[in-house]
Amino acid sequence: GKNLCFSNAAVSSLLNNPILRRFLDEYSNPPDTNPITEELNHLTGVKNLNKSSTHKLRSIVQLKCFESGQFTKEFNNNDQHDAGEFMQSMLEHLWNENSQDTLKEEMFGGVSQDIMTCLCGCRVELAPEHMSEIIPIQLTKQDVQKGLESFLSEENITWECPKCARATVKKRRLIVIEPSTLILQLMRYNFDAANKKSSKIH
């Protein structure tokens, strides 16, 4: 009776990452047990999926969200579930549990940089930073490649130019170091403002 599709998909994707599998294989329960790590470790050993579920993991992640003040994160209400939000929350608390950046860097490893350009000719290169683990790609009846190109294309944003104080500049995101693993979340719903309803892109 529980909607497990989105959490099953998120966990299956992660457990196919060889670096995470190796980390979990080498994991031994410390005195302060890490519940997300332990439950992921348990799920790697499941032989019969009919006798297990991701429901417990989902409850653990939701509790971690509430404990850290993320009250808007809802995964168990059986309304509309967001696989990307669940996976991102699970990863965030997985990093916190293990208090290390090395696992994150080994699993994903991408570095991006935002470049700001103004009409006055000013160009500002922001500091490179680790890429988000999940990149949302908005689909508008096009393929994934075009969606990814759109994500990396130039866009107008509100940001004050340090040279002329213009309020709007163009931002372009560059991938400085390609990630070893890239997870794309396909945003398949578009909101029609005129009709005030969502439509699904097939």
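Buried here means under 20% relative accessible area. The views below come from a predicted model.

**View 1. Two aromatic pairs are present in the structure.** A pair of aromatic rings is described by the distance of the centres and the angle of the planes. The views of Phe6 with Phe86 and of Trp95 with Phe108 take the pairs in turn.

**View 2. Phe6 and Phe86 form an edge-to-face aromatic pair.** The ring centres of Phe6 and Phe86 are 5.6 Å apart, and the planes stand at 85°. Phe6 belongs to helix H1 (residues 5–15) and Phe86 to helix H5 (residues 83–98), so this pair ties together parts that are 80 residues apart in sequence. Phe6 has 7% relative accessibility and therefore counts as buried. Phe86, at 0% relative accessibility, also counts as buried.

**View 3. Trp95 and Phe108 form an edge-to-face aromatic pair.** The centres of the two rings are 6.3 Å apart; because the planes of Trp95 and Phe108 meet at 80°, the pair is edge-to-face. Planes over 60 degrees apart count as edge-to-face. Trp95 lies in helix H5, whereas Phe108 sits in the loop between helix H6 (102–107) and strand S1 (111–117), so the pair ties together parts that are 13 residues apart in sequence. Both Trp95 and Phe108 are buried.

**View 4. Helix H3 packs against helix H4.** H3 covers residues 35–44 and H4 covers residues 55–67. The crossing of H3 with H4 is left-handed. On the H3 side, the contact is made by Pro35, Ile36, Glu39, Leu40 and Leu43. On the H4 side, the contributing residues are Lys56, Leu57, Ile60, Val61 and Lys64. Seven of the residues in this contact of H3 with H4 are nonpolar and three are charged, with no polar residue.

**View 5. Gln138 in strand S4.** Strand S4 spans residues 134–138 and includes Gln138. With 36% relative accessibility, Gln138 counts as partly exposed. Leaving aside residues up to four places away in sequence, Gln138 touches Gly147, Met187, Tyr189 and Asn190. Ser150 is 12 residues from Gln138 along the chain, and the C-alpha atoms of Gln138 and Ser150 are separated by 8.4 Å.

Notes. Residues numbered from 1 in each chain as written. Predicted model: local features only at pLDDT ≥ 70, side-chain atom pairs only at ≥ 80, totals over all residues. Heavy atoms only, no water. Axes fitted to C-alpha atoms, helices over the stretch in contact; angles between N-to-C directions. Helix = DSSP H or I, 4+ residues; strand = E, 2+ residues; numbered from the N terminus. Left-handed = near helix turned anticlockwise from the far one by under 90°. Contact = heavy atoms within 4.5 Å. Nonpolar A, V, L, I, M, F, W, Y, C, P; charged D, E, K, R; others polar. Buried < 20%, exposed > 50% of the residue type's maximum accessible area, 1.4 Å probe, protein only. Phe/Tyr/Trp six-rings, centres within 6.5 Å; stacked < 30°, edge-to-face > 60°.
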